[in-house]
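Subject: Structure handover

Hello,

Please find the structure below. My notes on what was found in it follow.

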Amino acid sequence: MARQLRIGIIGVGGIAQYAHIPGYKELGDEVELVACADVNVERARQVAATYGIARAYEEYREMLEREELDAVSICTPNKFHAPATIAALEAGCHVLCEKPPALSVAEARAMVEAAARAGKVLTFGLHYRFTTEVQAAKRAIDGGEIGHVYAARVDAIRRRGIPGWGVFTNKELQGGGPVIDIGVHMLDTCLYLMGYPKPVQVLAKTYQEIGTRPGVGALGQWDWENFQVEDLAMAMIKLENGATILLETSFAQNIDVMERMNVRLSGREGGVNVFPLKISKEMHGGLYDITPAWLPKVEHPHREEVKHFVAACRGEHEPMVTAEEAVRLQQVLDAIYQSAEKDDIVYLD
Ligand SMILES: NC(=O)c1ccc[n+]([C@@H]2O[C@H](COP(=O)([O-])OP(=O)(O)OC[C@H]3O[C@@H](n4cnc5c(N)ncnc54)[C@H](O)[C@@H]3O)[C@@H](O)[C@H]2O)c1
């Protein structure tokens with residue numbers, strides 16, 4: 001059997017317990033969950049006791065110094081993604097960092113450079129890549145089914161889905177609202193399916209029309225008095241290959257669906273709707289919508305992502321989410337906020 005990888009977790013809140021820890025646990029003897037760290041050391045101790053993790057730390061730097069880890073998951077609020085990732089890489093660890101990559105493209109670049117210097121794997125928690133639908137759509141698109149994709153529509157919209165817990169509405173800790181929290185998933189899905197063309201121009205506007213007032217909270221009552229992020233963003237993104245993406249993303253918006261996470265791609269020879277998966281084509285004098293009768297099912301995309309990361313640490317494959325893609329994704333996130341801020345087009349080089 002291959003050597004057990006020694007794993008550490010930095011930040012042991014919701015996503016660490018829902019996705020990362022169970023993902024590592026499912027790998028059995030392949031990995032050992034050695035330690036976890038959280039500024040809330042009580043929580044770190046509780047999580048360690050619940051999941052059989054040997055040691056709990058308050059300071060992740062101390063954990064990195066003492067434990068000789070092979071790999072870590074970074075599951076902190078967004079503000080700490082870059083410093084924790086860089087510290088872990090410098091301590092000789094492979095890193096799976098939660099999305100978004102960072103708070104800025106400068107931070108994302110510094111993370112990628114640290115990975116290159118350390119010669120370690122750096123990848124990001126963009127679990128939609130592992131879904132049945134995205135993988136099937138990717139195979140169809142790469143197989144030439146819809147031809148060159150020249151336009152896309154991205155939705156990551158919620159009617160009243162402002163989280164009533166955590167720090168999701170704290171600009172300093174998260175960097176923004178739906179753009180950086182949920183838009184990032186569908187934007188990445190879209191760019192991945194298009195082959196990650198380089199973004200060249202972004203025009204965006206953000207709104208704060210609902211979050212700063214009390215209202216019906218479908219994800220709990222949010223802290224409307226301290227609501228510091230956008231509740232809706234609209235953006236147009238132009239890519240180097242001439243293609244365009246229209247993005248709409250919201251935590252709260254007066255719409256007739258509770259939530260929609262979807263990507264729609266228009267190609268010369270056909271189109272793809274990703275969630276649910278449907279391929280639309282002109283064929284033999286008619287217009288057809290093709291839906292899958294059966295697809296190989298990925299039961300738990302988050303945990304699949306963790307397994308894929310561990311295999312990448314072992315050198316079995318390159319990570320599906322590359323560090324370079326993460327920088328491009330972060331460029332778009334930054335440009336959306338910059339464009340909204342200056343009320344003008346942002347040009348990327
Ligand atoms: N991929 C997904 O589907 C998904 C889902 C939810 C959250 N996330 C991402 O995961 C990250 C965490 O989100 P969450 O929902 O688990 O939040 P959370 O608030 O439940 O947990 C975050 C934890 O990090 C700890 N923490 C804060 N600062 C720290 C520091 N400097 N060092 C160590 N620990 C620190 C907090 O005490 C808390 O326990 C965010 O970046 C978020 O975007 C991803």
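**Overall fold**

The protein chain has ten helices and 15 strands. Both are DSSP runs numbered from the N terminus: helices are H or I with at least four residues, strands are E with at least two. The radius of gyration is 20 Å, close to the 20 Å that the globule rule gives for 349 residues, so the chain is as compact as a globular protein of that length. That radius is taken over C-alpha atoms, and the rule is 2.2 Å times the number of residues to the power 0.38.

This is a predicted model, in which local features need pLDDT of at least 70 and side-chain atom pairs count only at pLDDT 80 or more, while totals for chains, interfaces and linings use all residues. Residues are numbered from 1 along each chain as its sequence is written, and side-chain values use heavy atoms, with hydrogens and water left out.

The C-alpha atoms fill a box of roughly 65 × 50 × 40 Å along the principal axes. Of the 349 residues, 56% count as buried (buried is under 20% relative accessible area, exposed over 50%, partly exposed in between; 1.4 Å probe, protein chains only). Take contacts between residues at least 6 apart in sequence: 73% join residues at least 24 apart. Contact means heavy atoms within 4.5 Å.

**Helix α5**

Helix α5 covers residues 105-118, 14 residues in all. From first C-alpha to last it reaches 20 Å, close to the 20 Å expected at 1.5 Å a residue (1.5 Å times one less than the number of residues). Its buried residues are Val105, Ala108, Met111, Val112, Ala114 and Ala115. They pack against α4 (81-90), β5 (94-98), β6 (122-125) and α10 (323-342). Just after α5, Gly119 takes a positive phi of about 65 degrees.

**Ala140**

Ala140 sits in helix α6 (residues 132-142). Buried or exposed? Ala140 counts as buried, because its relative accessibility is 16%. Leaving aside neighbours within four places in sequence, Ala140 is in contact with Glu145 and Ile279. Leu193 is 53 residues away from Ala140 in sequence, yet the two are 9.8 Å apart, C-alpha to C-alpha.

**Surface**

Strand β9 (residues 232-239) holds Met236. Met236 is partly exposed, since its relative accessible area is 33%. Together with Leu203 and Leu246, Met236 makes a nonpolar surface patch of about 240 Å².

Regards

Methods:
Patch = residues over 30% accessible without salt bridge, like charges linked within 9 Å, V, L, I, M, F, W, Y side chains within 5 Å. Areas by Shrake-Rupley, 256 points an atom, 1.4 Å probe, with all protein chains shown as cover. Salt bridge = Lys/Arg side-chain N within 4 Å of Asp/Glu carboxyl O.
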